[in-house]
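Dear colleague,

Please find below the structure that I am handing over to you. My findings follow directly after it.

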Amino acid sequence: MTPSARVLLVEDDPNLGSVLEEFLELKGYSVLRVTDGEAALATARGELFDICVLDVMLPKKDGFEVARGLRQLSKEMPIIYLTARGRIEDKAQGFEAGGDDYLTKPFSMEELILRVQALLRRTAKNGATGQGQEVFTFGGFTFNYAKRTLTLGGKESTLTSREADLLRLLAQHLGTVVRREVALKLIWGDDSYFNARSMDVFISKLRKYLTDDPRVRLMNVHGVGYKLLVA
């Protein structure tokens, strides 16, 4: 299991949604549940998640539309569909929209957990999202979060705890914008003006470390947040 991994649960059935949320939290996951497609996309734009459990039949936008929108925000976050439809045509449409797995209703809770665990292990292995990941590579750098070391060739820098937390968040979402307010709430606890100025200082410090490899850029996306990129 990947403890504390964040799950975006999109399910409009109040009874099933409540049971799923409770069960996932019982297994150690942090769950945010929404009940329609528009809310799912709005939530995903403002917060970071490790996996999405997505009902197909939703009000406002169906699950396939939501999956397409999620894929524009993150190409790596796994998506598991929940559906009463078992036809091959429906599954093909879902995979084309960007989904990774299907569970046909009714399903067992234990099967859902097994599939969530499998997808989180796969994304961590591929260097994608995953709160449990400790070592990241981008460009020529190797970043060991547990040791707080950033290594390039024979040069090793030791980061402060706050620098390491911020770099891990950016590395977890490599190539994807990390919204400013999300980073502040996750790492500083709130998005006050004082904390925002503090984060600007830490972003500048990280940029200095990263200049050792010109392929790696820490971009400021004006009015939105930051993005770690590798050319």
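Tyr 102 is buried in this predicted model, with a relative accessible area of 6%. Altogether, the structure holds 6 aromatic pairs. Tyr 81 and Tyr 102 form a tilted aromatic pair, with 5.0 Å from centre to centre and 40° between the planes. Because Tyr 81 lies in strand S4 (residues 79-83) and Tyr 102 in strand S5, this pair ties together parts that are 21 residues apart in sequence. A stacked pair is formed by Phe 136 and Phe 143, because their planes are at 25°, with the ring centres 6.0 Å apart. Both of these phenylalanines, Phe 136 and Phe 143, are buried.

I turn next to the backbone. Most residues other than glycine have a negative phi, and most peptide bonds are trans. Which peptide bond is cis? The bond from Lys 105 to Pro 106 is cis, with omega near -5°. Pro 106 is placed in the loop between strand S5 (101-104) and helix H5 (109-125).

Lys 60, although not a glycine, has a positive phi of about 75°. Lys 60 belongs to the loop that runs between strand S3 (51-55) and helix H3 (63-73). With a relative accessible area of 60%, Lys 60 is exposed. Arg 148 is not a glycine either, yet has a positive phi of about 60°. The loop between strand S7 (141-144) and strand S8 (149-152) contains Arg 148. At 32% relative accessibility, Arg 148 counts as partly exposed.

Finally, I report on a pair of helices. Two packed helices are described by the angle between their axes and the distance between the axes. For helix H6 (residues 161-172) and helix H7 (residues 180-188), the axes come within 11 Å and cross at roughly 135°. H6 is therefore oblique to H7. The crossing of these two helices, H6 and H7, is right-handed. On the H6 side, the contact involves Arg 162, Asp 165, Leu 166 and Leu 169, which meet Ala 183, Leu 186, Ile 187 and Trp 188 of H7. By class, the contact of H6 with H7 comprises 6 nonpolar and 2 charged residues, with no polar ones.

With kind regards

Conventions
Residues are numbered from 1 along each chain as its sequence is written. This is a predicted model: local features need pLDDT of at least 70, side-chain atom pairs count only at pLDDT 80 or more; totals for chains, interfaces and linings use all residues. Side-chain values use heavy atoms; hydrogens and water are left out. Axes are lines fitted to C-alpha atoms, for helices over the stretch in contact, and angles run from 0 to 180 degrees between N-to-C directions. Helices (H or I, at least four residues) and strands (E, at least two) are DSSP runs, numbered from the N terminus. Angles under 35 degrees count as roughly parallel, over 145 as roughly antiparallel, 65 to 115 as roughly perpendicular and the rest as oblique. A crossing is left-handed if the near helix is turned anticlockwise from the far one by less than a right angle, and right-handed if clockwise. Contact means heavy atoms within 4.5 Å. Ala, Val, Leu, Ile, Met, Phe, Trp, Tyr, Cys and Pro count as nonpolar, Asp, Glu, Lys and Arg as charged, and the others, Gly among them, as polar. Buried means under 20% relative accessible area, exposed over 50%, partly exposed in between (1.4 Å probe, protein chains only). Rings of Phe, Tyr and Trp (its six-membered ring) pair if their centres lie within 6.5 Å; planes under 30 degrees apart count as stacked, over 60 as edge-to-face and the rest as tilted.
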